[in-house]
Amino acid sequence: MLALVAAALDRPPAPVSGQARASDGDSFRIGSDRIRLLGIDAPELAQQCTDGAGRDWPCGRVARDRMADLLAAGAVDCRPEGYDRYDRLLATCFIGPQDLGATMVAEGLAVSAGPYWQEQVAAQQARAGIWSGDFDAPRDWRDDQASPRGAWGCFPAFGL
């Protein structure tokens, strides 16, 4: 009996599908469901990258815009595996046969967090997207953007 209860509690969330709206390069909404693609990390919206000539470009916005273009192609089918700390569904998602995570990594608009390493190697070799110049890994960029706390801890806006 306990095994049946444990198995029921460990089940992944039910599949989600429908028309989606991009939030950024690795997350979007389907109705009220917030979804984060498993296996990738895209630049944050405000993140800038540098191209091969040393010019800044808005890689975070470009990644979000590409995700919006992909989502405009049709209904998205997602296979959730759980939730992240922000209560977003963590899922592998497709539009038809197209894996959205694989596409974003292959086009150089996200880094692989594991399963898409072949796509990342190909993007690096082609110097596609973020691989055309320099960039901070999205995780490092987020860490660097964390608002510094002043000596008083609760008054960061005043620099205390």
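Serine 132 touches Thr50, Asp51, Gly52, Trp57 and Arg127 when residues up to four places away in sequence are not counted, a contact being defined by heavy atoms within 4.5 Å. The model is a predicted one, in which local features need pLDDT of at least 70 and side-chain atom pairs count only at pLDDT 80 or more, whereas totals for chains, interfaces and linings use all residues. Residues are numbered from 1 along each chain as its sequence is written, and side-chain values use heavy atoms, with hydrogens and water left out.

Serine 132 lies in the loop between helix 4 (117-126) and helix 5, where helices (H or I, at least four residues) and strands (E, at least two) are DSSP runs numbered from the N terminus. With a relative accessibility of 18%, serine 132 counts as buried, the classes being buried under 20% relative accessible area, exposed over 50% and partly exposed in between (1.4 Å probe, protein chains only). The C-alpha atoms of serine 132 and threonine 50 are separated by 7.8 Å, although the two residues stand 82 residues apart along the chain. Arginine 127, one of the residues that serine 132 touches, is also placed in the loop between helix 4 and helix 5, and arginine 127 has a positive phi of about 55 degrees although it is not a glycine.

The structure holds one aromatic pair. This pair is formed by tryptophan 131 and phenylalanine 135 in an edge-to-face arrangement, with 4.9 Å centre to centre and 85 degrees between the planes; rings of Phe, Tyr and Trp (its six-membered ring) pair if their centres lie within 6.5 Å, and planes under 30 degrees apart count as stacked, over 60 as edge-to-face and the rest as tilted. Tryptophan 131 is buried, with a relative accessible area of 15%, while phenylalanine 135, at 21% relative accessibility, counts as partly exposed.

For the protein chain as a whole, five helices and 11 strands are assigned, and 41% of the 160 residues count as buried. Among contacts with a separation of 6 or more, 52% are accounted for by residues 24 or more positions apart. The chain exposes about 9,300 Å², of which carbon and sulfur atoms supply 53%, the areas coming from the Shrake-Rupley method with a 1.4 Å probe and, for residues, with only the protein chains shown counting as cover.

In soluble globular proteins, nonpolar side chains tend to be buried together. Leaving aside neighbours within four places in sequence, valine 76 is in contact with residues including Val16, Ala20, Phe28, Ile30, Leu71, Cys93 and Leu100.

The largest pocket holds about 300 Å³ of space. Of its 13 lining residues, Arg36, Tyr86, Arg88, Arg139 and Arg142 are the closest to its centre, and helix 5 (residues 138-145) provides the largest share of the lining, three residues. Arginine 36 is found in strand 4 and is buried, with a relative accessible area of 13%. Not counting residues up to four places away in sequence, arginine 36 touches Asp26, Ser27, Asp41, Asp84, Arg88, Leu89, Leu90 and Ala91.

In the loop between strand 8 and strand 9 lies aspartate 87, which is exposed, with a relative accessible area of 56%, and whose phi is near 65 degrees, a positive value in a residue other than glycine.

Technical notes:
On a 1 Å grid over the protein atoms alone, a cavity is a set of points where a 1.4 Å probe fits but cannot get out, and a pocket is an open set with protein on both sides within 12 Å along at least five of seven lines; lining residues have an atom within 4 Å of a point. Grid points are joined across faces, edges and corners, and a volume is the space filled by probe spheres set on the points.
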